[in-house]
Amino acid sequence: MIIPPFNARSFAELSKRPEGEKLWLFLNNEHAKIKMMTASDHDRPALEAVAKDLINKFGDQFAKSYPHHDRFKQMAGAMTRQVMETAGYVLVCRGVPLLSGAPFSRASKYHKRDTV
């Protein structure tokens with residue numbers, strides 16, 4: 001599987017840290033992508049589908065004690081958008097409340113490009 005580079009923009013420094021690189025790899029793995037696309041196909045935010053997996057794998061970075069806590073969550077959202085767009089989905093709605101909650105209270109919804 002070829003993983004495209006993350007267009008980091010304002011997350012350049014954080015995305016180059018080991019935890020940032022691991023997050024990008026995680027969100028690009030086939031299992032996570034299938035979960036996010038399935039959630040999107042069912043009109044739910046993509047990040048909601050992998051929230052528990054993210055807590056299990058990156059719990060330290062989502063803890064309030066992590067110095068980049070808020071930026072890491074924002075970067076997860078930016079990375080998710082790039083993953084979804086690469087998979088042929090487009091952003092349709094931001095700030096959707098999540099059913100599961102942690103580590104995100106809100107996330108974005110995506111639909112397949114040809115169904116919008």
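Which handedness does the crossing of α3 and α4 have? The crossing of α3 and α4 is right-handed; the points below set out this contact and others.

1. Basis of the note. This is a predicted model, in which local features need pLDDT of at least 70 and side-chain atom pairs count only at pLDDT 80 or more, while totals for chains, interfaces and linings use all residues. Residues are numbered from 1 along each chain as its sequence is written, and side-chain values use heavy atoms, with hydrogens and water left out. Helices (H or I, at least four residues) and strands (E, at least two) are DSSP runs, numbered from the N terminus.

2. Helices α3 and α4. Their axes lie 6 Å apart and pack at an angle of about 140°, which makes α3 oblique to α4. Axes are lines fitted to C-alpha atoms, for helices over the stretch in contact, and angles run from 0 to 180 degrees between N-to-C directions. Angles under 35 degrees count as roughly parallel, over 145 as roughly antiparallel, 65 to 115 as roughly perpendicular and the rest as oblique. A crossing is right-handed if the near helix is turned clockwise from the far one by less than a right angle, and left-handed if anticlockwise. From α3, Ala32, Lys35, Met36, Ala39 and Ser40 make the contact (heavy atoms within 4.5 Å) with Ala46, Ala49, Val50 and Asp53 of α4. These residues divide into 6 nonpolar, 1 polar and 2 charged; Ala, Val, Leu, Ile, Met, Phe, Trp, Tyr, Cys and Pro count as nonpolar, Asp, Glu, Lys and Arg as charged, and the others, Gly among them, as polar.

3. Helices α2 and α4. The axes of α2 and α4 come within 11 Å and cross at roughly 165°, and the two helices are therefore roughly antiparallel to each other. This crossing is right-handed. Glu19, Lys22, Leu23, Phe26 and Leu27 of α2 meet Val50, Asp53, Leu54, Lys57, Phe58 and Gln61 of α4. By class, the residues of this contact comprise 6 nonpolar, 1 polar and 4 charged.

4. Burial of α2. Helix α2 spans residues 18–28, and its buried residues (under 20% relative accessible area, against over 50% for exposed and in between for partly exposed; 1.4 Å probe, protein chains only) include Glu19, Leu23, Trp24 and Phe26. What covers the buried residues of α2 includes α1 (12–15), α3 (30–41), α4 (46–62) and α5 (69–86).

5. Aromatic pairs. The structure holds 6 aromatic pairs. Rings of Phe, Tyr and Trp (its six-membered ring) pair if their centres lie within 6.5 Å; planes under 30 degrees apart count as stacked, over 60 as edge-to-face and the rest as tilted. The ring centres of Phe6 and Trp24 are 5.1 Å apart and the planes stand at 40°, so the pair is tilted. Phe6 lies in the segment before α1 and Trp24 in helix α2, so this pair ties together parts that are 18 residues apart in sequence. Both Phe6 and Trp24 are buried.

6. Phe62 and Phe104. With ring centres 5.5 Å apart and planes at 75°, Phe62 and Phe104 form an edge-to-face pair. Phe62 belongs to helix α4 and Phe104 to the loop between β1 (89–97) and β2 (106–112), so the pair ties together parts that are 42 residues apart in sequence. Phe62 counts as buried at 7% relative accessibility, and Phe104 counts as buried at 6%. One aromatic cluster is formed by Phe26, Phe58, Phe62, Tyr66, Phe72 and Phe104.
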